[in-house]
Amino acid sequence: MTPKRFLILAAVPLVLALTACGASTPEEVIAAVEQRVDDSQQAGSAASAEMLSYDELPDCAEVASSAGDLIGDFVPSPDGHEGVNEQPLAIDLSCVWLTPQTVDQDLSGLAKFGGISIGVTIEKNPSSRADNEAAGLVHEYAPADDIGAYVLSLNPEFDPADELSAIGVIVNKGNVSIIVSAVGLYIDAGNIVESRTNALGIETALRIHEAMRR
C-alpha cells in the first residue's frame with residue numbers, strides 16, 4: 001500500500017463524520033484529502049531537495065567559477081589558508097583570494113594588503129530561519145527570499161549597499177551556509193574591497209547555492 005493510499009484510507013472516518021454533518025459530499029471531501037496529501041508530499045520532497053550531503057561540497061575552483069565578479073584580480077592564497085574541515089555534524093570549505101600586493105609582499109602597496117574569503121558549510125542539523133530571526137540575525141533581501149534562501153549578518157545596522165567587511169554576510173539555504181567576507185590586516189578597507197559591496201557578496205553566495213544544486 002502506498003503512503004498516499006494509507007493516508008487517504010486513514011481519513012475515511014473523518015470523511016464519514018463530515019458528510020454526516022452535511023459539510024460536503026464524500027467525493028468532495030475525499031478529493032480535498034487527496035489534494036492535501038499531494039501538497040504535503042510535494043512540500044516534503046522540496047525540503048529534502050534543499051538538504052545536501054557532504055559529497056556535494058564544492059572545491060575552491062568550483063566556488064571561484066561562481067564568484068568571478070567578487071574575486072576580480074585577486075589571486076588564490078599561497079599560504080594554505082584554503083581547505084576542508086570535516087566534523088561529525090558539519091563539513092566546511094574555506095577559500096581565500098588575496099590582492100596581488102599581499103601575495104608579492106610589496107610594502108609599497110601596504111594599503112592594499114588583504115583579500116576576500118568565502119566559506120561553505122554543510123550541516124546535518126542546521127538552525128532554522130525562525131531560530132535566526134528570534135536571534136535578530138535575519139535581514140530581508142528579496143532576491144534571496146524569492147528562492148528560499150535568507151541573509152544573516154551580525155551587524156545590526158546591516159546595509160546591502162555598504163562595502164563588504166570582515167563581519168561579512170551569510171546566506172543560508174537548506175542545510176548549506178555560505179559566508180562572504182573581507183579578510184586581512186589593512187589600513188584602508190575601501191582600497192581593497194573597492195566596489196565589492198554586501199549586495200555583491202550576497203549575489204555571489206546565491207550563485208554558489210545555485211551551482212551546488214545543479
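Ile71 has its place in helix H5 (residues 68–71). This is a predicted model, where local features need pLDDT of at least 70, side-chain atom pairs count only at pLDDT 80 or more, and totals for chains, interfaces and linings use all residues. Residues are numbered from 1 along each chain as its sequence is written, and side-chain values use heavy atoms, leaving out hydrogens and water.

Q: How many helices and strands does the protein chain have?
A: Helices (H or I, at least four residues) and strands (E, at least two) are DSSP runs, numbered from the N terminus. Counted that way, the protein chain has 10 helices and 8 strands.

Q: Is Ile71 buried or exposed?
A: Buried means under 20% relative accessible area, exposed over 50%, and partly exposed in between (1.4 Å probe, protein chains only). The relative accessible area of Ile71 is 6%, so Ile71 is buried.

Q: Which residues does Ile71 touch, not counting residues up to four places away in sequence?
A: A contact means heavy atoms within 4.5 Å. With residues up to four places away in sequence left out, Ile71 touches Ala64, Trp97 and Arg196.

Q: Over the face of which residue does Arg196 lie?
A: Arg196 is one of the residues that Ile71 touches. A charge sits over a ring if NZ of Lys or CZ of Arg is within 6 Å of the ring centre and within 35 degrees of the ring normal. At 4.0 Å from the ring centre, Arg196 lies over the face of Phe74.
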